[in-house]
Amino acid sequence: MSIKIYSNQEKQELRQLTKEARKISCAEIADNVYGLTLYRSKNSNRYLKCYEHPSLSFDLQKNLVFYNA
């Protein structure tokens, strides 16, 4: 078993990366990384739906994804 011990500088760099990653929304990841096509829900502007998976919903306010199977 190998254990990695991070220096203070490495810890700072990792903390900075996690702060930047929190700014990315789950809808951006779905669109840019997975190539899903998203559209606004007819009922509310808060949610995005997906054409490829109709039961997949993205909550823009809470930055969460729901799969209503």
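Tutor: Let's start with a rule: two strands pair if DSSP finds at least two bridges between them. Helices (H or I, at least four residues) and strands (E, at least two) are themselves DSSP runs, numbered from the N terminus. Here, E1 and E2 form a hairpin with 6 residues between them.

Student: What should I know about the model before reading on?

Tutor: It is a predicted model, where local features need pLDDT of at least 70, side-chain atom pairs count only at pLDDT 80 or more, and totals for chains, interfaces and linings use all residues. Residues are numbered from 1 along each chain as its sequence is written, and side-chain values use heavy atoms, leaving out hydrogens and water.

Student: In what order do the elements of the protein chain run?

Tutor: From the N terminus on, the order is α-α-β-β-β-β. That comes to 2 helices and 4 strands.

Student: How many bridges join E1 to E2, and how many join E2 to strand E3?

Tutor: E1 and E2 run antiparallel and are joined by 3 bridges. E2 and strand E3 (residues 56-59) also run antiparallel, with 3 bridges, and they form a hairpin with 5 residues between them. Follow Lys 49 in E2: Lys 49 is the bridge partner of Tyr 39, and Lys 49 stands opposite Ser 57 in E3.

Student: Which residues of strand E2 are on the covered face, and which on the uncovered one?

Tutor: In a regular strand the side chains alternate between the two faces of the sheet. In strand E2 (residues 47-50), Leu 48 and Cys 50 make the covered face, while Tyr 47 and Lys 49 make the uncovered one.

Student: Is Tyr 34 buried or exposed?

Tutor: We use relative accessible area: buried is under 20%, exposed over 50%, and partly exposed in between (1.4 Å probe, protein chains only). Tyr 34 counts as exposed because its value is 63%. You'll find Tyr 34 in the loop between helix H2 (26-32) and strand E1 (38-40). Gln 16, in helix H1 (residues 8-21), has 41% and so is partly exposed. In the protein chain of 69 residues, 16% count as buried.

Student: What is the radius of gyration of the protein chain?

Tutor: This radius is taken over C-alpha atoms, and the globule rule is 2.2 Å times the number of residues to the power 0.38. The protein chain has 17 Å, whereas a compact globule of 69 residues would be near 11 Å. Along the principal axes, its C-alpha atoms fill a box of roughly 50 × 25 × 20 Å. For a distance you can trace yourself, go from Gln 16 to His 53: they are 37 residues apart in sequence and 34 Å apart in space, C-alpha to C-alpha.
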